[in-house]
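Below are some notes to read alongside the coordinates.

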Amino acid sequence: TNLYPTYKILGGFLTGNSEITREGIDQWLGTFVNFGESMRLAKQAFIKGDGLLTNTKEIVEGSLQDGFHKWATSFSEISDDGFGITLQNIHSVIPRLMMATDEFMSQLNYRNIVRSKALSQARREAATFGGDVAQSADEIFRKTGFNEEGRPLDFQAFVEAKDMLFQVPLDRKVYNYKTRMREDSGIPQTMISGIGESMQALTNKFTPLRIFMPFIKTPANIADQALQANPLYAAFNNNTRKQFFSTDPEVRAKAYGKMATMLTLGAGFSFAAAQGIITGSEPLDKKEKTALYKTGWKPYSIRIGGKWIPYMNMITPLDSYMAFCADNVALAGRALSPEQEVGMGEMAGQILGNIMNDYIDQAGFRTNTEKLMDIFNPSTDVRIREKLAANVFSGFLPMSGNVNAIRSTVKTIKGDTQQTKPEGFYNNLVKNYTDVFTTPQD
């Protein structure tokens with residue numbers, strides 16, 4: 001919500017397009033104007049079980065959506081009567097809250113974008129024909145922003161709002177409310193989104209795989225944007241080069257603005273790392289790693305008031321870029337040390353290694369894999385295994401599951417059944433989640 005307007009402000013300045021710069025400022029300020037209405041619509045989405053910009057049946061039909069979205073369309077209104085509906089409403093509180101949060105941010109971002117465009121158009125018209133800019137902008141906003149049902153009419157603004165929330169479908173086709181069809185979003189499909197789409201199709205076909213890959217679209221989009229936030233990667237990326245030389249002034253300005261923003265942030269991250277304020281990945285050398293941990297040092301953290309606060313997955317998509325800068329500062333320190341001579345070839349290899357290293361940690365693969373190995377290790381203390389299992393599976397499994405499966409799994413973890421071994425826990429988990437992951441409700 002803050003990064004995208006920044007791209008426009010800086011990009012407009014660098015390309016000499018003052019109108020785009022002004023749009024970026026208006027988009028920023030729109031957060032204060034549109035906050036209240038976006039919150040009201042989020043509350044409405046929670047009560048009705050459906051949002052105006054999220055989880056609608058039109059978007060789901062004929063598209064590869066997460067099972068959660070398919071299930072969300074079957075929510076009833078909170079006020080509906082009936083014992084079954086009451087149970088469903090109680091059970092659906094967490095998914096409803098997730099949907100309401102998505103609706104709030106979608107509404108806020110979409111309204112900010114449409115409002116900034118409306119103000120630009122109103123200023124142009126006022127310069128030619130005169131009139132009140134604010135009043136004209138309000139009329140344009142209502143006319144171009146929404147239909148009579150409150151659905152979005154500005155397709156490109158809707159795509160941008162979804163992109164800001166990592167919610168663009170992996171096949172890069174978004175539902176257009178004007179044409180009532182799914183259309184190309186204009187966002188290029190990268191290797192990551194392509195792999196994600198294939199994985200999504202695989203989990204739709206072989207539903208038990210959702211135990212291990214419950215969410216694909218959002219993590220894939222986060223990973224994609226995290227990698228593109230790295231200027232080193234972007235410099236050699238064909239899509240970025242196309243944007244730099246695009247004939248569309250807004251596309252070109254945003255490309256310049258994004259590169260300028262990331263280079264500026266990179267300088268700040270590197271300075272902070274040099275001062276010991278932020279950290280990257282842990283050292284490969286075990287002795288060095290042990291010595292660091294004894295001092296209270298933590299990887300992927302920011303030092304605030306003498307305490308290390310983890311930042312990975314907290315400031316997406318900047319976290320892996322921050323780690324990359326910190327790792328390269330540490331690498332530069334070793335390269336300049338007379339005790340550790342590092343050749344240019346080795347240094348280049350380590351820089352590329354840092355990208356992959358931080359990228360994998362940002363996705364949580366390596367950390368959770370290590371925890372899984374401890375869970376299935378018979379020599380691991382049972383109490384530690386229980387904590388690790390709760391931590392890993394609460395992250396990997398969907399928020400929505402059926403009550404019996406959760407109860408049975410908790411009994412197994414607590415040792416209320418005979419299956420207290422790791423393999424027993426695993427088998428029980430798969431058995432009790434079968435009905436969840438093999439139904440359209442996900």
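Which residue caps the N-terminal end of α8?

1. The cap is Asp154: one of its side-chain oxygens lies 3.4 Å from the backbone nitrogen of Gln156. Please bear in mind that the model is predicted, and that the distance is a computed one.

2. Helix α8 spans residues 155–164 and is mostly covered, with nine of its 10 residues buried. The buried set is Phe155, Ala157, Phe158, Val159, Glu160, Ala161, Lys162, Asp163 and Met164. Charged side chains are thus included in that set, namely Glu160, Lys162 and Asp163.

3. After α8 comes Phe166, which has a positive phi, near 60°. Phe166 is also one of the residues touched by Asn221.

4. Asn221 sits in helix α10, which runs over residues 217–228. Is Asn221 buried or exposed? Its relative accessible area is 4%, and because the cut-off for a buried residue is under 20%, Asn221 counts as buried. Leaving aside residues up to four places away in sequence, Asn221 touches Phe166, Gln167, Val168, Leu170 and Arg172.

5. Both α8 and α10 also contribute to the second largest pocket, each giving two or more residues to its lining. The other elements that do so are α1 (3–14), α11 (231–235), α12 (238–244) and α13 (249–274). Of these contributions, the largest share is that of α13, with seven residues.

6. How much space lies in the second largest pocket? The value is about 1,100 Å³. The lining has 43 residues, and those nearest the centre of the pocket are Tyr4, Asp163, Ile187, Gln243 and Lys254.

7. For the protein as a whole, the secondary structure comprises 20 helices and four strands. Buried residues account for 44% of the 442 residues. Among contacts with a separation of 6 or more, 63% are between residues 24 or more positions apart.

8. The accessible surface of the protein is about 23,200 Å², and carbon and sulfur atoms hold 60% of that area.

Conventions: Residues are numbered from 1 along each chain as its sequence is written. This is a predicted model: local features need pLDDT of at least 70, side-chain atom pairs count only at pLDDT 80 or more; totals for chains, interfaces and linings use all residues. Side-chain values use heavy atoms; hydrogens and water are left out. Buried means under 20% relative accessible area, exposed over 50%, partly exposed in between (1.4 Å probe, protein chains only). Contact means heavy atoms within 4.5 Å. Accessible areas come from the Shrake-Rupley method with a 1.4 Å probe; for residues, only the protein chains shown count as cover. On a 1 Å grid over the protein atoms alone, a cavity is a set of points where a 1.4 Å probe fits but cannot get out, and a pocket is an open set with protein on both sides within 12 Å along at least five of seven lines; lining residues have an atom within 4 Å of a point. Grid points are joined across faces, edges and corners, and a volume is the space filled by probe spheres set on the points. A polar contact is a pair of N or O atoms within 3.5 Å; within protein, one must be able to donate a hydrogen and the other to accept it, and residues adjacent in sequence count only if both atoms are side-chain atoms.
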